[in-house]
Amino acid sequence: MGKVTTDPGHLKQLRLAKDAMDRDWAEPLDLDAVAAHAGYSRHHFIRVFKAAYGDTPGRYLSRRRIERAEEMLRTANLSVTEICTLVGFTSLGTFSARFKRATGLSPSKYRARHVGRGAALIPGCYAMLWAGGFPNAPAAPATPAERTSPDVPDVPDARAGSGHRDSGEAG
């Protein structure tokens with residue numbers, strides 16, 4: 001195999017593919033589609049991307065996701081599992097292993113080391129709202145009227161109470 005060279009005409013397309021990965025870092029990566037967008041076959045795209053940016057597209061995207069996870073671990077009151085999902089990993093084990101390889105710390109230890117050094121944690125509900133929630137999560141009805149509409153199953157309103165209290169509930 002010869003030396004990989006990037007055609008100056010394709011560098012713009014290669015940059016657009018990289019920008020798409022930067023923009024859609026939390027989405028599943030369809031490497032064939034990204035490669036086609038850049039005008040390359042999958043395997044040639046991997047070689048050309050590595051020649052241009054010093055890393056494979058998969059490793060680059062993983063690094064971007066870890067960077068986002070670091071930020072969320074420092075600033076958001078979300079569980080490690082929630083952050084794993086929000087940054088685009090589908091396996092907590094893979095996320096934890098890659099995070100530790102990149103930072104030298106597990107996600108939990110990273111959070112313990114960095115929380116309290118800056119601003120207070122953002123409540124998880126706000127962080128989830130900002131991140132757009134979990135992918136493919138069904139939206140909960142907002143009002144009691146929406147909950148009783150014909151196409152939404154009837155869900156009791158939690159504010160009305162159910163007549164009993166959980167053992168941990170005060171008052």
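Entry 1, burial of Asp22. I count a residue as buried when its relative accessible area is under 20%. The model I am reading is predicted. I looked up Asp22 and found a relative accessibility of 19%, so Asp22 counts as buried. I placed Asp22 in helix H1, which covers residues 8-23. I then asked which side chain Asp22 touches through a polar contact of 2.4 Å. The partner is Tyr60, side chain to side chain.

I followed Tyr60 into the ring pairs and found a cluster that links Phe45, Phe49, Tyr53 and Tyr60. Tyr60 therefore has two entries in my notes: the cluster and, because N or O atoms within 3.5 Å make a polar contact, the 2.4 Å contact with Asp22. I also checked Tyr53 for a charge over its face and found Lys18 there, 5.1 Å from the ring centre.

I counted aromatic pairs and got six. One of them is Phe89 with Phe95, a tilted pair with 5.3 Å between centres and 55° between planes. I noted that Phe89 and Phe95 are both buried. For Phe95 the relative accessibility is 0%, so the residue counts as buried.

I went on from Phe95 to Phe99. How are the planes of Phe95 and Phe99 set, and how far apart are the centres? The centres lie 5.8 Å apart and the planes stand at 50°, so I logged this pair as tilted. Both residues belong to helix H6 (residues 92-103), and because they are four residues apart there, about one helical turn separates them. Phe99 has a relative accessible area of 0% and is buried.

Entry 4, the largest pocket. I looked up the volume of the largest pocket, which is about 290 Å³. The lining has 14 residues, and those closest to the centre of the pocket are Pro28, Arg65, Gly88, Phe89 and Thr90. Which helix gives the largest share of the lining? I found that helix H4 (residues 57-75) does, with four residues.

I checked which charged residue lies over the face of Phe89. Arg65 does, at 5.9 Å from the ring centre. Arg65 and Phe89 are both among the residues closest to the centre of the largest pocket. The ring of Phe89 is also the one I logged as paired with Phe95.

Key. Residues are numbered from 1 along each chain as its sequence is written. This is a predicted model: local features need pLDDT of at least 70, side-chain atom pairs count only at pLDDT 80 or more; totals for chains, interfaces and linings use all residues. Side-chain values use heavy atoms; hydrogens and water are left out. On a 1 Å grid over the protein atoms alone, a cavity is a set of points where a 1.4 Å probe fits but cannot get out, and a pocket is an open set with protein on both sides within 12 Å along at least five of seven lines; lining residues have an atom within 4 Å of a point. Grid points are joined across faces, edges and corners, and a volume is the space filled by probe spheres set on the points. Helices (H or I, at least four residues) and strands (E, at least two) are DSSP runs, numbered from the N terminus. Rings of Phe, Tyr and Trp (its six-membered ring) pair if their centres lie within 6.5 Å; planes under 30 degrees apart count as stacked, over 60 as edge-to-face and the rest as tilted. Buried means under 20% relative accessible area, exposed over 50%, partly exposed in between (1.4 Å probe, protein chains only). A charge sits over a ring if NZ of Lys or CZ of Arg is within 6 Å of the ring centre and within 35 degrees of the ring normal. A polar contact is a pair of N or O atoms within 3.5 Å; within protein, one must be able to donate a hydrogen and the other to accept it, and residues adjacent in sequence count only if both atoms are side-chain atoms.
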